[in-house]
Amino acid sequence: MALQDHSVGTFQVWDYVVFASLFVVSSGIGVFFAVKERKKVSSREFLVGGREMTCGPVALSLTASFMSAVTVIGAPSDVYRFGASYVIFGIAYTFVVILTAELFLPVFYRSGITSTYEYLELRFCKAVRVAATLIYMVQTILYTGVVVYAPALALNQVTKFNLWGSIIATGVVCTFYCTLGGLKAVVWSDAFQMVVMVVGFLTVLVQGSDRSGGIVAVWKTAQAGDRLNVFDFDPSPLRRHTFWTVTIGGMFTWLGIYGVNQSTIQRCISCRTENHARWALYLNLVGLWIILFCAVVSGLIMYAFYSHCDPWTAGYVSAPDQLMPYFVLDILGSFPGLPGLFVACAFSGTLSTVAASINALATVTYEDFVSQCCRDISSRAATWISKALCVVFGVACTSMAVAASSMGAIVQAALSIHGMGGGPMLGLFSLGILFPFINSKGAIGGLMLGTALSFWVGGGAFIHPASPNYTRPLSLSTENCPLLNTTAAAFTPTPLLLSTPDSSERSVLAESWYSMSYLYYSTVGFLATVIGGLLFTLLTGPSKPQEVKPGLIRPVCDLFCFCSEKYRHFCWCGVNHAEEKVDFDAMEFGTAWENYPDQHKITKSTNGKKQSYTLQDEAYTNAAFVPDTSKNVTTGKNIQ
């Protein structure tokens, strides 16, 4: 490739117009739903969209929320430095969605909960619910800080786009349309932002491959630079990305994000039927594959374009996460509005993630704390409290962006946070759903052990980063660069490698435990929680079968139709698992519905016998609560 000029363009008027249009449309969606739904004042309508959503917009919303700016900016940079092994996440995504749709979703949807942590009180006790909610809130606020700050900083360094202006604008717009329109505004804004993300990526792919000599030339250059060595079957847990770390570690990390995360489950249970929710997850899987493909190919194109002049090593950018914005301005700078389109693409991911986080935080705070302390809140007051919570968490997430400046590369930082918090949470819900005999003491003990171990390894790795022997970044060349520092060599290692201490100076703990791949943090937390929960339960005595409600558990045998009745009875540990339709009249539906005065679609007659549940078209097998067999049992369709 010819000698490259390191200077790139800057934002022009049309770029600002395109970028501002994203914020205007997103805010407009919030205003639209605020006006459209102004007569529906219940908190249920605000927080879960009245459970009237369909699979299409929910699928787009799920994809946009978790394919954030971390993916748009961070993933191509990761591929540029470490190769295309990032594409193996596609396998992890597949397992994650299948397990979420077939194992976790049926339990949450059929129990009629609004907060996923409400399940923990129904299954165990209130203390477990409160502890899990607090861990989730800390994890989500930390993660949102990374999502807001990192792309804003990268764009600021390259485009001179105002750092704090973009951070504050993101926080204000997300808080605005979350507060006005509730979950429906979040879902439809996410759907719009998902379209913007795909269009932005496609623009980069087309122009980038053209400037790099075509896709065939990109492939050959990437192959020559060892970027296509995808499958590394080294079983060592210390290696950053191998087939096993990405498949196994990535699966546990993303299962903590998808399977039991409030932000995901809240949108799934907002669907009008369980089948809609399941289809939303499977359609979302297609979206995940598309975004992953775009991110990986963008990284390969960027490497081909800079194969003889790495901007990071040459000093044109100060951090790897600035490579993608720099690349976009380099190839699209001469097209008015197109750099703005990519920035809109990156910030679409940010907006969708922040909005989903704010809405989920407001929901768990209202359901798990406010409604438990004040049980006689009117519908109007509940709605206003929910909106106020959106404002509070909007400010908190925006403020947290300040602390994110010291968290390092954004992909690793974001997934590390999810791993440290999500692993123990996944283990806790798995204990409740898969093991009928687990008691409350086992759940609390397992959660404490899992959280302690995952934060120990994650915190230690933050203080003692893994050596390059384990991360193995690939070579980068500057032979065709007009170097900013004329004394620099034509080929230099990356700045991070120069500052890494020699392995002989590191402790045994730093070279082993703290050097574990960041994708295994979630696996460590999950296994420690499950093993700890089983041990504590064996020491304190298992739960009595009659104390466990069938709809709150789903042993593995339920996923396989060929399991014998004898094996099913063994897996259910004595809990009644008779496959029969359950009469909602006969259910003691517990805190899942009775604690919410604003559930206007659920009515009871004065004698407590006749009820109307318009949210449920029919009863489900193994519904959340055991029927009182002393009463007459009828099908859900006969409920008056």
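This is a dialogue on reading a few features of a predicted model.

Trainee: How many helices and strands does the chain have?

Mentor: This is a predicted model, and its chain has 24 helices and 2 strands.

Trainee: What share of the residues counts as buried?

Mentor: Of the 640 residues, 61% count as buried. The chain exposes about 24100 Å², with carbon and sulfur atoms supplying 65% of that area. As for contacts with a separation of 6 or more, 86% of them are between residues 24 or more positions apart.

Trainee: Which residues have the most contacts inside the largest nonpolar core?

Mentor: That core has 159 residues, and those with the most contacts inside it are Phe-104, Tyr-119, Leu-120, Trp-254, Tyr-258, Phe-327 and Phe-429. Helix α12 gives the largest share of this core, 17 residues. Take Phe-327 as a case: leaving aside residues up to four places away in sequence, Phe-327 touches Val-204, Gly-208, Ile-301, Met-302, Phe-305 and Tyr-306.

Trainee: How many disulfides are there, by the distance rule?

Mentor: Two cysteine sulfur atoms within 2.5 Å count as a disulfide. By this rule there is 1 disulfide. The disulfide joins Cys-309 to Cys-481, with an S to S distance of 1.9 Å. The pair links distant parts of the chain, 172 residues apart: Cys-309 sits in the loop between α12 (274-305) and α13, and Cys-481 in the loop between α19 (468-471) and α20 (495-498). Both Cys-309 and Cys-481 are buried.

Trainee: Is the disulfide of Cys-309 and Cys-481 right-handed or left-handed, and why?

Mentor: The torsion about the S-S bond gives the hand. For Cys-309 and Cys-481 this torsion is about 120 degrees, so the disulfide is right-handed.

Trainee: Where is Thr-313, and is Thr-313 buried or exposed?

Mentor: Thr-313 lies in helix α13, residues 311-314. Its relative accessible area is 15%, so Thr-313 is buried, given that buried means under 20%. The side chain of Thr-313 makes a polar contact of 2.3 Å with the side chain of Asp-310.

Trainee: How far is Ser-475 from Asp-310, in sequence and in space?

Mentor: Sequence separation and spatial distance are read as two separate values. Ser-475 and Asp-310 are 165 residues apart in sequence and 9.9 Å apart in space, C-alpha to C-alpha. Ser-475 is in the loop between α19 and α20, and is partly exposed at 48% relative accessibility.

Trainee: What span does helix α18 reach, and what span is expected?

Mentor: Helix α18 covers residues 440-463, 24 residues in total, and reaches 34 Å from its first C-alpha to its last, close to the 34 Å expected at 1.5 Å a residue.

Trainee: Which residues of α18 are buried?

Mentor: Begin with the general idea. An α-helix has 3.6 residues a turn, so residues three or four places apart point the same way. In α18 the buried residues are Gly-442, Ala-443, Gly-445, Gly-446, Leu-447, Gly-450, Thr-451, Ser-454, Val-457, Gly-458, Gly-460 and Ala-461.

Methods. Residues are numbered from 1 along each chain as its sequence is written. This is a predicted model: local features need pLDDT of at least 70, side-chain atom pairs count only at pLDDT 80 or more; totals for chains, interfaces and linings use all residues. Side-chain values use heavy atoms; hydrogens and water are left out. Helices (H or I, at least four residues) and strands (E, at least two) are DSSP runs, numbered from the N terminus. Buried means under 20% relative accessible area, exposed over 50%, partly exposed in between (1.4 Å probe, protein chains only). A polar contact is a pair of N or O atoms within 3.5 Å; within protein, one must be able to donate a hydrogen and the other to accept it, and residues adjacent in sequence count only if both atoms are side-chain atoms. The expected span of a helix is 1.5 Å times one less than its number of residues. Contact means heavy atoms within 4.5 Å. Accessible areas come from the Shrake-Rupley method with a 1.4 Å probe; for residues, only the protein chains shown count as cover. A nonpolar core is a set of buried Ala, Val, Leu, Ile, Met, Phe, Trp, Tyr and Cys residues joined through side-chain atoms within 4.5 Å.
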